[in-house]
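This briefing walks a new reader through a few features of one protein model, grouped by topic.

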Amino acid sequence: MAKTIMIIDDSVSLRQVVAIALAGAGYDVIEACDGQDALAKLTGQKIHLMICDVNMPNMDGITFLKSIRVHPSYKFTPVIMLTTEAGEDKKREGQAAGARAWVVKPFKPEQLLVAVSKLILP
């Protein structure tokens with residue numbers, strides 16, 4: 001059974017690039033356009049990993065991350081932040097909220113797949 005990964009990013013083209021890379025590696029993908037959309041789509045189904053942007057409209061990635069950490073079904077779901085934010089202060093904020101990895105855009109799909117494979121157990 002394929003593992004499911006949720007991609008949360010307001011960029012349609014970025015979601016498509018990431019979804020193609022993940023699907024090519026055998027993962028099922030759910031897409032959301034921001035934190036609010038992602039919360040609406042979390043209905044208790046098993047999500048093995050989330051890949052989330054930081055800067056998005058409606059609900060940013062850090063706020064989304066804090067929101068899922070109090071949700072019993074997603075409290076321990078690993079999250080990779082995929083963002084243009086490269087500053088140490090923002091990284092520390094993300095780590096404090098529970099981010100397990102930080103990948104800076106632009107990125108190579110292979111780089112993201114390595115981060116995914118480190119956080120998803122076989």
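Helix H3 and helix H4 are roughly parallel to each other, a term for angles under 35 degrees, because they pack at an angle of about 15°. The model is a predicted one, in which local features need pLDDT of at least 70 and side-chain atom pairs count only at pLDDT 80 or more, while totals for chains, interfaces and linings use all residues. Residues are numbered from 1 along each chain as its sequence is written, and side-chain values use heavy atoms, with hydrogens and water left out.

**Helices H3 and H4**
- H3 covers residues 61-68 and H4 covers residues 88-97, and their axes are 9 Å apart; helices here are DSSP runs (H or I) of at least four residues.
- Ile-62, Leu-65 and Lys-66 of H3 meet Glu-93, Gly-94 and Ala-97 of H4, where contact means heavy atoms within 4.5 Å.
- The residues of this contact divide into three nonpolar, one polar and two charged, with Gly counted as polar.

**Asp-37**
- Asp-37 lies in helix H2, which spans residues 35-41, and the side chain of Asp-37 reaches the backbone nitrogen of Cys-33 at 2.9 Å.
- Apart from neighbours within four places in sequence, Asp-37 is in contact with Glu-31 and Ala-32.

**Annotated span**
- UniProt, in an unreviewed entry, lists residues 4-120 as "domain: Response regulatory", and such annotations may be inferred rather than shown by experiment.
- The end C-alpha atoms of residues 4-120 lie 10 Å apart, and the span is 42% helix and 20% strand, strands being DSSP runs (E) of at least two residues.

How values were computed. A polar contact is a pair of N or O atoms within 3.5 Å; within protein, one must be able to donate a hydrogen and the other to accept it, and residues adjacent in sequence count only if both atoms are side-chain atoms. Axes are lines fitted to C-alpha atoms, for helices over the stretch in contact, and angles run from 0 to 180 degrees between N-to-C directions. Angles under 35 degrees count as roughly parallel, over 145 as roughly antiparallel, 65 to 115 as roughly perpendicular and the rest as oblique.
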